[in-house]
Amino acid sequence: MEFSISRYYSAFDVQNDFDIDTSDIDEKLCHATNALANSWEAVHHNTELLEELIDLAHGFQQLDSKHKKQVNYLISSSLSNASRQCKIMIEEGDYVDTADVLKSCLEKYGYLMFVLLNFLSREDFPTSTSARQKQSSVAWNNNCQQVDDALASIVPCLQLDLSKIFVTTPEKNQLLDLFLRPIFHLMELPERMKVNNIRIVMFRIISLAVTLHGSEESVQNSVIQSLTYYPHLPQYMAELLHTLDKSFDHIKLAEDILLEISQLEFNANDTNGPKAVSEFLVKMSELSPRLILKQMASISQILDNTNQSLRCSVIETCGNIVVDAFKAYFNSTYSSEDEHAEISMKQISKLFSLLKQRTLDQNPFARTKALQAMVKVFNQSPVKEYVVGALEPSESNELDVDPANSWYQEVLDVAITGLYDRSTLVRRNAIKLLSKILIEHPFSSKENLRMSYTRWERKLDELKAASQNIIPESYFQKFADQNEKRESSAPKGSLKTIDEDDMDVDSEETHKGNDKGDEEQEEDGESGPDQRESVLAELNSEINTEDFDKVKSLMKLWEYYNCVLAFIRKLERGVAITTSLLFSKNRNEVLEAMDFLVCADAYGIENASQGIRKMLHLVWMKGSSDEGKSIASQLVECYKLLFLTTPSNITAQQASEMKARNLIKITIDATVADLASLEKLMCMIYEGKLIDWGMIESLWYIYSKAGSNESRYSQAQIHGAIIVLGMISSANPAIVQCGLKSLLEIGLGSVGRSDLVLCKHSCATLLKIVQPSKKRATSQLFTDDSEAAERLKGILLCYTTQREWFPVAEQAIDAVFRTLQNPITFCDGIIRAKSKAVFVKDSDAESSTVALTQLLFIVGHVAIKTIEHLETLEAQFKKMKHDIEAEKSNQRKASTTENELEMIGGTSEDDFTDVVAYIRETEILYGEKSLLAKFGGLVTEICTNRKAYNNLTLQRSAVLCLSKLMCVSTKFCEANLPLFITIMEKSEDPVIRSNCVLGLGDMAVCFNNLVDENTDFLYRRLTDENLMVQRTCLMTVTFLILAGQVKVKGQLSSMAKCLENPDQGISDMCRLFFTELATKDNAIYNAFIDIFSGLSNDDTLSKDAMKRIIKFLVLYIDKEKHQKQLSEKLLVRLTKAESEKQWNDIAFVLTTIPYKNDIITQALEAGFKSTASARE
């Protein structure tokens, strides 16, 4: 039967099982091999041979590996031989008479290769982990080799001028389809595409078919189909088009594919298609960015697509093109000027404008991708070299720095605007862009200065002073006015966060508006140099020609300095915003902010130090980033880089002293909160072995210089040294032991008494000699007659009018109870001695008042520490009893302590607790032998008769003492609570009111039932006229509520009002409170109705403020069940609203809650009048 390629091609199905007689397979192979070896045309003349070859090809799957290899070699080598012979005949011109024979042979060999490749493509990559895996791997390797050989034999065939053999195009296309169709089948297996040799040959075959034989349409359809259905092929299809472009100089296919892609429409539920197209575009832009650039007009249409993946891919593509454009334009990579002119700065500016527009895309992922593209531009292209070259031309003094400077400033504006974004992902990448801009800033070579605004401003002033005799001041002012106008016209980031719901969706009108804006900016940019030239022309008319070049040079330098200052101002703004992001909920964002602040500090940005100090409080933040890096460990790394890194060319002693000085620097001007966080951080740094003994010795050395005349160390540095030593001692008490002599002689000696701040920190360091978490070992404690006890006694009994004595006394009493063996006896002696000094000795009224003030402070603090001491003893007793019971159960009692253990074991924990409670209630303040009992009435008398005892400091000390004594006994607290509340309400001193708030909070912890009925008085202080009292009250109430010490009733509306407090600190603290409250058993949902009622009925609160508070609170009611229940409750209230004001307030809440139904919608549309009529 005559061979018909169309019939065979249509009838072949690789899924069919073809039967083959393998009994004489060797004979058939031998016969076919000999026949084809004698004549490659035998396949045309010998029908029996052709049928044998077709049977061998169809039965390829039934053959063993040896015969498969032979069949593959036979067909591949025959096709190669036939192709070579055809080439010779065509070159010699002897093909005309034999054209039909050549055509027949190529068709038959082509069909055999088509069948062979289809069967070869069915081999699967081995994924099994069984014992057969090795065998499968060998089979796969053999298959790949056979595929490689088969594909290599096709290349010579496609290198022929097939149009001379195949008269009609359909015939030629059918032959080409025999090769291209199985090749695209081979591509469907991901592992096949990873084999480099096979992939290269496949790309070459396809490229030859496209470039020499016009198969663009067929290949285009196959490429589009591959992109749509096979997720691993997009990057390889991009490589194919790149090969066509670079190796075969063919771009038409790529252009057609890009045009078709730009017009594709995907189903809303289809995610694979857009993803594949996105990967293809990105890969194409990486491999052939200029090819994409030519089709940017059509590709940019994808930006109007609703699918975010497609928009993101175009944005990333644009970034890759800009990277290549910068490299091409500024590295002169092209050989001819025409090619160099192919990419101009105007094109780069347009592409950058597109990126800039996409930073305002409605989707946060698209905005993020735009920022990432800008970061990539800085990372991979010579942007800095361009800007530096524009700002500092080497051979010209032309005053044209605007284009380069404006471009850099625009990128900085984009980064700062991104910091205000609502999406944390966008903010993170905005911080990365800001970091990259800072690192790659173009002003580093001039004068070799860091980005310190003060230093650059000083340089500008020096330049103006030096130029005063040459250039009149009026001309400087003209330039300054132009710069201010240009800077004020730059885009500013909104101070409000970007709400995705409020952003406009991209449309043609939006793009037109943006284009119009760009044109206006270009016009402004063009007018800038013209204005400067006019100023220079005016100068030229007034100044001698000889001096004009010098004037132009000075003006160039003057404008350069102004560019730097404008750049630094924006950077400082970015640093300030980033500092506010340090406490973001997203841990990755926090880490980015920390890294940027460290970088900003390294470059000398002046307000970066504020962010570095705020970073201290991150030491308490738990959690880690997506990569598993914790915030605390990153903070340690940052501070190590900032303060514990020294030059390598100094000695170890110099390095230790430098590190010590750096640590001291952190403590200067630090607040109490800063010091608390710093102590935690110092312990972590010490545990990380980043502080050696050389640094500790340097700190003790600096501390030892207190009171000396040496001016090398300031008083602040000496204070900082003992503060740091005290912090590190929390991790290792041996550090205190090391410098105990200096501590007692200097800090607790005469030097300390003259410098009470030093004395306070010395006492705080002394008490670190005993760890509070460990059992009090008698061997580690001081006796009552030790030097340390005497020094502490001298401090407590000294008379001074300085207010700094009170914190010193507090630390000294803390040290007494921590470090002495018998603190109660010791304090008894202190109080008696101080009482004699007040009541027995003859002294004037002022001295007696000061001494009485000191005495009351000591009494109050000793009372509190006595309670703590009892609680410590109780805890130690319980722990000892548990240890004894464990020893008894294991029968490991020591014989030497048997009697003691039996005696302790006979006392129950409840008995001991009852004894401690009895001592607190009846002995400390009411016992006949109790010394503190003598002062209860005295303190009450002073607080009651404020007119008789009108000294402000005495009143403060008395109220503070009263609050501490009230925390000791329920009886004393109940008796004096009305007096205490009256003082809190009516006292004119904000310090007394603040102390009362704190005292009432302590009482709520000690005697919850007693104080719980009077919490309304506490909440009133939230609206105190003094800001300090408000802040203190908010902190106190926050602790009590979150710790569960007080029951939340209707007072949360007072807390909610603090969200609108004009003080930013109070507002932020209140936001933090509600954020934490939202995590506790639906607390905000349960209290929302009460909060809303309180806010709605508060006439002092504006409606706008109430709406903002409600919007904030509703965010925390995120469960649909709660939203539904709350809406139903409010709907009932809506129908019962008695006034239009109430109706409007309830209606606003209902519209704010995401849950909606038809009943609610109808009620809201009906309005108040309809509700009132229905009720009537």
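Predicted model: local features only at pLDDT ≥ 70, side-chain atom pairs only at ≥ 80, totals over all residues.
Q: Which residues of α11 are buried?
A: Glu216, Val219, Gln220, Val223, Ile224, Ser226 and Leu227 are. That puts each of them under the 20% cut-off.

Q: Why say that the buried residues of α11 line one face of the helix?
A: Look down the axis of α11: its buried residues fall within an arc of 160 degrees, so one face is what they line.

Q: What covers the buried residues of α11?
A: The cover includes α8 (169–187), α10 (196–213), α12 (234–248), α13 (252–262) and α14 (272–287).

Q: How do you know that the span of α11 agrees with what it should be?
A: Helix α11 (residues 216–229) has 14 residues, and at 1.5 Å a residue they should span 20 Å. The end C-alpha atoms of α11 are 20 Å apart, so the two agree.

Q: Why is the pair of aspartate 361 and arginine 311 called a salt bridge?
A: The cut-off is 4 Å between a side-chain nitrogen of Lys or Arg and a carboxyl oxygen of Asp or Glu. For aspartate 361 and arginine 311 the N to O distance is 2.8 Å, so the pair passes. Aspartate 361 sits in the loop between α19 (345–358) and α20 (364–380), while arginine 311 is in helix α17 (residues 308–331), 50 residues apart.

Q: Are aspartate 361 and arginine 311 buried or exposed?
A: Buried means under 20%. Aspartate 361 is at 0% relative accessibility, so it counts as buried. Arginine 311 has 2%, so it's buried too.

Q: What makes lysine 570 and aspartate 413 a salt bridge?
A: Their closest N and O atoms are 3.2 Å apart, and the limit is 4 Å. This pair links distant parts of the chain, with lysine 570 in helix α27 (residues 545–580) and aspartate 413 in helix α22 (residues 402–418), 157 residues apart. Lysine 570 is buried at 7%, and aspartate 413 is buried at 3%.

Q: Why is glutamate 871 called partly exposed?
A: Glutamate 871 has a relative accessible area of 42%. Glutamate 871 forms a salt bridge with arginine 920, with the closest N and O atoms 3.8 Å apart. Arginine 920, at 17%, is buried.

Q: How many salt bridges does the structure hold, and which residues do shared partners join into one network?
A: The structure holds 33 salt bridges.

Q: Why is alanine 150 called buried?
A: Alanine 150 has a relative accessible area of 0%, under the 20% limit, so buried it is. Alanine 150 is found in helix α7 (residues 133–158). Leaving aside neighbours within four places in sequence, alanine 150 is in contact with Asn72, Ser76, Met113, Leu116 and Leu117.

Q: How much of the protein is buried, and how many helices and strands does the protein have?
A: Buried residues make up 51% of the 1176 residues. The protein has 58 helices and 0 strands.

How values were computed
Residues numbered from 1 in each chain as written. Heavy atoms only, no water. Helix = DSSP H or I, 4+ residues; strand = E, 2+ residues; numbered from the N terminus. Buried < 20%, exposed > 50% of the residue type's maximum accessible area, 1.4 Å probe, protein only. Expected span 1.5 Å × (residues − 1). Arc of directions from axis to C-beta. Contact = heavy atoms within 4.5 Å.
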